[in-house]
Amino acid sequence: MAKIVSLINMKGGVGKSTLAVNLAWQFAGYTNWLKNVLVVDLDPQFNASQYMLGDEKYKKQISATNRPTVWDVFEQRTRTPSGGGPKVISPTDAIFNVVTYTGGSHIDLLPSRLELAWSLRQPAEKEHLLQKFLGKVADDYDLIIIDCAPTESLLTTAAYLSSNFILVPVKPEYLSTIGLPLLARSLREFHEHYDDHHVELAGIVFNHASDYAPEEATSKREVNDEAKRLGWHVFDAEIRYSRSYPKGAREGKPIFTTSKAHQTQKTAFHQFAQDFARRIAL
Ligand SMILES: Nc1ncnc2c1ncn2[C@@H]1O[C@H](COP(=O)(O)OP(=O)(O)OP(=O)(O)O)[C@@H](O)[C@H]1O
Ligand SMILES: [Mg+2]
């Protein structure tokens, strides 16, 4: 049964998609793990889908086709992008194989598209649909990673309901600390409303760390104080600022195969992946 983890932070641009995709590549591609991983792109911006497939392939194989996406999962009872009536979406139709490694592990993607934003207009009774869908495939994977949008919506509730854990990337700068109380409140309200489902906080991870003083040190101290108050874990391992991440997104590659990526950056990410795997008992 897969461990299901949502990457979430109400603050935008903190690295949710970057981490979602790179963690998938690490756990499936590294010989000491070789896990089967599914990435669920739960953001109408579809950044994770584009990152994993590359722009060209995304357009050709997803957006220009009637292929079901995560949008269809939310619209099973209403209509589908292909124009048909209500239809239960089968995982084999919607899940896309991104890569299969020689060791046998693979990464699959449940892609997203812009139209997912339309599902938010009529959110009633859609929040359980993703959980049900993932329930059908959870035995096929070791890890399912859900890349969330930065705003609170039906999709956030769907992510919480589907997940065992949440992982919170934080950029160590002043405005990032503002997202944490919003997230804490969102999680508290979720647990009050859905008291039969518990989501555990895997932890906060600093991303974009560069030791820029004194702002970064102050921000980290503030985040650590807030985390302590909330009883949230903060990972010791940090993900360093590196131009290789945006470069990797352009190349459609993980940090460990991005051209000219520094070994220190790769090692830092690997260290975090190890800590994270231990934390969720992967
Ligand atoms: N460690 C890093 N070093 C340098 N650039 C990074 C790093 N992590 C992420 N980035 C870049 O920062 C930008 C935002 O990252 P990303 O899209 O992963 O954030 P996000 O939290 O998913 O954003 P959104 O809230 O819009 O979904 C991207 O251009 C990405 O390539
Ligand atoms: Mg994103």
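**Reading the labels**

Modeller: Gladly! Let's begin with Glu 173: its relative accessibility is 33%, and partly exposed covers the range between under 20% for buried and over 50% for exposed, so Glu 173 counts as partly exposed. Keep in mind that this is a predicted model.

Colleague: Where does Glu 173 lie?

Modeller: Glu 173 is in the loop that runs between β6 (165–170) and α9 (176–193).

Colleague: What makes Glu 173 part of a patch of negative charge?

Modeller: Glu 173 gathers on the surface with Glu 215, Glu 222 and Asp 225. Asp and Glu count as negative, and a patch takes residues with over 30% relative accessible area and no salt bridge, joining like charges within 9 Å. The 33% of Glu 173 is over that 30% cut-off.

Colleague: And why is Ala 202 called buried?

Modeller: Buried means under 20% relative accessible area, and Ala 202 has 1%, so it counts as buried. Ala 202 belongs to strand β7 (residues 200–209). From Ala 202 to Val 168 is 34 residues in sequence, with 8.0 Å between their C-alpha atoms.

Colleague: How much of the protein chain is buried?

Modeller: Buried residues account for 55% of the 282 residues.

Colleague: How do you know how compact the protein chain is?

Modeller: The protein chain has 12 helices and eight strands. Its radius of gyration is 18 Å, close to the 19 Å from the globule rule for 282 residues, so the chain is as compact as a globular protein of that length. Along its principal axes, the C-alpha trace spans about 55 × 45 × 30 Å.

How values were computed:
Residues numbered from 1 in each chain as written. Chains lettered and ligands numbered in written order. Predicted model: local features only at pLDDT ≥ 70, side-chain atom pairs only at ≥ 80, totals over all residues. Heavy atoms only, no water. Patch = residues over 30% accessible without salt bridge, like charges linked within 9 Å, V, L, I, M, F, W, Y side chains within 5 Å. Areas by Shrake-Rupley, 256 points an atom, 1.4 Å probe, with all protein chains shown as cover. Salt bridge = Lys/Arg side-chain N within 4 Å of Asp/Glu carboxyl O. Charge placed at Lys NZ, Arg CZ, Asp CG, Glu CD. Helix = DSSP H or I, 4+ residues; strand = E, 2+ residues; numbered from the N terminus. Buried < 20%, exposed > 50% of the residue type's maximum accessible area, 1.4 Å probe, protein only. Rg over C-alpha atoms; globule rule 2.2 N^0.38 Å.
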